[in-house]
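Open the model in your viewer and keep the selection panel handy. We will go from stop to stop, with something to pick out at each one.

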Amino acid sequence: MITLRHDLGIVCRRSRTVVLVHGGWALAGAGVGLVAGGLLRTAVLRLSVPAGALQRAACPGCGETFAPWATAGTAREKAGSARRAGERWVGARRLARLAGGRCARCRRRLGPPPAALELATGALLALVAGVVGGRVELVAFGWLAVVGVALAAVDLAVRRLPDRLVLPGYPVVLGALALAAALGGEPARLLRAVAAGLALAGCYLVLLMLRPGQLGAGDLKLSGLLGLALGWLGWPAVLRGTFLAFLLFSLCGLALLATHRVRLRTELPFGPFMLAGALLPLLLRGVT
Ligand SMILES: [Zn+2]
């Protein structure tokens, strides 16, 4: 049963669960997500390099730097362009051009397709914000949604989950959940989240040792973070999220095999499936 509420929300009652969709928060999430996706494009371009390699700082074609605030070219060009347009506008224009998926100067194709990151981040954050609404947990789950899109993009490109994107999630998610636990008087819930993070990371560590090469250290680091978030939702969500990750990975692998897009030995990135598995229980059941 779905009923329209006076506060622009939709209540959907399915079995014993209630998923609240907060229209205003969804709209705000879409806007913030679009901007965040554009900003993350720079990080995705920089970090889409093989493990151990230096971060990519500039276009391989012409040397134009990815940093939106930095002016490119020689010192003279820098001074000239800074005088002409002002640093702020150079940055804004470069971000807008980067969103087109091409180098701002030589038009070479760079990173994910045009607007893909921006639209994916906007859509995902709209969904998460719509489900979570104006609760402190939105910081934790919103962070996972936004950074998750960037992580998935880097993992798809070079099969890596860079520490620079994964590790900052720990203080952010843990901090937000700790604040939510303090405000809601639910210390046990925070303990459950931490226990789930440790438990999931432990399971991934065992898998990593049993099948080295199938999972990477990046997957292990991400598993602890996702375990924290899923643990906040409850133990069933931890199980559901983990099961969904492996299910989606297997289905996708089989589909790619059947259509001859990959071979049996091809290593597929697992990060996008872990992230999808972690966000699906939230989107399907909401925060209770
Ligand atoms: Zn270029």
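In which helix is the place of Phe 249? Select helix H10, residues 235-258, and you will find Phe 249 there. Helices here are DSSP runs (H or I, at least four residues), numbered from the N terminus.

A word before moving on: residues are numbered from 1 along each chain as its sequence is written. This is a predicted model, in which local features need pLDDT of at least 70, side-chain atom pairs count only at pLDDT 80 or more, and totals for chains, interfaces and linings use all residues.

**Stop 1: around Phe 249.** Phe 249 counts as partly exposed because it has 18 C-beta neighbours inside 10 Å; 20 or more would be buried and 12 or fewer exposed, with C-beta atoms placed from the backbone. Now show Phe 270 and Phe 273, which Phe 249 contacts when neighbours within four places in sequence are left aside. Contact means that the C-beta atoms, placed from the backbone, lie within 7 Å.

Stop 2: Gly 148 lies in helix H5. Is Gly 148 buried or exposed? Gly 148 counts as buried, because 27 C-beta neighbours fall inside 10 Å. Beyond four places in sequence, Gly 148 touches Leu 275 and Leu 279.

**Stop 3: H5 against H11.** Select helix H11, residues 271-285, together with H5: they pack at about 155°, with axes 9 Å apart. Axes are lines fitted to C-alpha atoms over the stretch in contact, and angles run from 0 to 180 degrees between N-to-C directions. That angle makes H5 roughly antiparallel to H11, a label for angles over 145 degrees. Colour the meeting residues, among them Phe 141, Leu 144 and Asp 155 in H5, and Pro 272, Ala 278 and Leu 282 in H11.

**Stop 4: the core.** Which residues have the most contacts inside the largest nonpolar core? Pick Leu 144, Ala 150, Leu 177 and Ala 229; this core has 66 residues. A nonpolar core is a set of buried Ala, Val, Leu, Ile, Met, Phe, Trp, Tyr and Cys residues joined through C-beta atoms within 7 Å. Helix H5, residues 137-158, gives the most to this core, with 14 residues. Finish on Ala 150, which, leaving aside neighbours within four places in sequence, contacts Leu 40, Ala 43, Val 44 and Leu 165.

Definitions and conventions
Helix = DSSP H or I, 4+ residues; strand = E, 2+ residues; numbered from the N terminus. Contact = placed C-beta atoms within 7 Å. Parallel < 35°, antiparallel > 145°, perpendicular 65-115°, else oblique.
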